[in-house]
Amino acid sequence: MEQNLLRRINELAKKKKTVGLTAEEQAEQKKLYKIYLGEIRQQFSATLDNVSVEEKDGTVVPFKQAYKKKK
């Protein structure tokens, strides 16, 4: 994750708590949060790709495949 993105998110969060944000800064913050959450979701999905589940019968299947069966 890009350090500049995190730095700017933190700057805006701190400013929001102290003096408040302008309309432009609020829009920027919303945009940055959307990017940040997208990256977190992508990382989480990649992590789940590397997780396996052992079924009751002893077979090992990828987590996403095992989760789909339970629905």
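Which residue's side chain meets that of E11 in a salt bridge? In this predicted model, the partner of E11 is R8, and the N to O distance of the pair is 3.1 Å.

## The E11 and R8 pair

Both E11 and R8 belong to helix α1, which covers residues 3-18, and they are separated by three residues, or about one turn of the helix. An α-helix has 3.6 residues a turn, so residues three or four places apart point the same way. Side chains of opposite charge can pair when their charged atoms come close.

E11 has a relative accessibility of 34% and therefore counts as partly exposed.

## From helix α1 to helix α2

R8 also takes part in a salt bridge with the side chain of E28, where the N to O distance is 2.9 Å. Because R8 is in helix α1 and E28 is in helix α2, this pair ties together parts of the chain that lie 20 residues apart in sequence. The relative accessibility of E28 is 28%, so E28 counts as partly exposed.

These contacts belong to a network of salt bridges that links R7, R8, E11 and E28. The structure as a whole holds five salt bridges.

## Helix α2 and its buried residues

Buried residues in α2 include E25, Q29, L32 and L48.

One of these, Q29, has a relative accessible area of 7%, and because buried means under 20%, Q29 falls in that class. Once its neighbours within four places in sequence are left aside, Q29 is in contact with L12, A13, K16 and L21.

## From helix α2 to helix α3

A further salt bridge joins the side chains of D49 and K64, with an N to O distance of 3.0 Å. Since D49 lies in helix α2 and K64 in helix α3, which covers residues 63-70, the pair ties together parts that are 15 residues apart in sequence. K64 has a relative accessible area of 31% and is partly exposed.

Notes
Residues are numbered from 1 along each chain as its sequence is written. This is a predicted model: local features need pLDDT of at least 70, side-chain atom pairs count only at pLDDT 80 or more; totals for chains, interfaces and linings use all residues. Side-chain values use heavy atoms; hydrogens and water are left out. Buried means under 20% relative accessible area, exposed over 50%, partly exposed in between (1.4 Å probe, protein chains only). Helices (H or I, at least four residues) and strands (E, at least two) are DSSP runs, numbered from the N terminus. A salt bridge is a side-chain nitrogen of Lys or Arg within 4 Å of a carboxyl oxygen of Asp or Glu. Contact means heavy atoms within 4.5 Å.
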